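Take a moment to look over the model below. Then follow the text through it, step by step.

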Amino acid sequence: MGEVILFVLTRMDFWLVAIVSYFCGCFNGAVIVSKYILRDDVRNHGSGNAGLTNFFRTFGGPLTFVVILTDVLKAVVAILIAAKIGGSYDPRIMPDMPLDAAMVAYYVVLFKYWAGLWCLLGHMFPCMFHFKGGKGILSGGAIAIMLDWRIALVVWGGFLILAVLTRYVSLGSCWAGASFPFATWFVYHDPLITGLGAFIGLLILYMHRGNIHRLITGTENKFSLHKKK
């Protein structure tokens, strides 16, 4: 595995994917819509988070769907670009590795996980918005769908069940972050890919550390379909 890590870290296209994916992630739907269309930055309201839940609670309305579309599309674009670049890998440039399609497929998955990680970093810490972004659940969910339907089933299934039954969106979000690396290992059984999955899951849990504290103390807000006045 060390040979594979050294190989990918020395490839320019690997870092190109990181840069492109990060800047895709920086296009935060909640910030763009609230700041440039509504002229009222969502980060000045509610939890101060630039995410879908805080946007809906603060503004509501049809522009919520613009936020959803933006945060989903940027993840889709990042993953598609990564898959295209990863798929161009030529096994002949690494003679110690087998010359078969399985290795090419492996690099496609590796590049997609790498892109997903950097897209979430851009969403959570956007350089164009003072590194103050969202918590990555919507974009992370889109990334899970783009990676593998089995991972998406575990992540989204648990999220929806917990969010609907308890009305704590944050509880479902914590499930998504915690289950992501385990679902990744179940599907791929690869230490490197699982390691990237663990980084993604830990990022989501880190961004929800305040929610976790409020869940433990019983002060977390429940989700409502009605926005706050």
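How many salt bridges does the structure hold? It holds 4. A salt bridge is a side-chain nitrogen of Lys or Arg within 4 Å of a carboxyl oxygen of Asp or Glu. This is a predicted model, in which local features need pLDDT of at least 70 and side-chain atom pairs count only at pLDDT 80 or more, while totals for chains, interfaces and linings use all residues. Residues are numbered from 1 along each chain as its sequence is written, and side-chain values use heavy atoms, leaving out hydrogens and water.

Start with Asp41 and Arg43. Their side chains form a salt bridge, 2.7 Å from N to O. Both Asp41 and Arg43 are buried. Buried means under 20% relative accessible area, exposed means over 50%, and partly exposed lies in between (1.4 Å probe, protein chains only).

Now find Asp148 and Arg150. Their salt bridge spans 2.9 Å, N to O. Asp148 is buried, at 12% relative accessible area. Arg150 is partly exposed, at 35%.

Another salt bridge joins Asp71 to Lys74, with the closest N and O atoms 3.3 Å apart. Both residues are buried. They sit 3 residues apart in helix H5, so about one helical turn separates them. Helices here are DSSP runs (H or I, at least four residues), numbered from the N terminus.

Helix H5 covers residues 63–86 and packs against helix H7, residues 137–147. Their axes, lines fitted to C-alpha atoms over the stretch in contact, lie 8 Å apart at an angle of about 40 degrees. The contact (heavy atoms within 4.5 Å) includes Asp71 and Lys74 of H5 and Ala142 of H7.

Conventions: Axes are lines fitted to C-alpha atoms, for helices over the stretch in contact, and angles run from 0 to 180 degrees between N-to-C directions. Helices (H or I, at least four residues) and strands (E, at least two) are DSSP runs, numbered from the N terminus.
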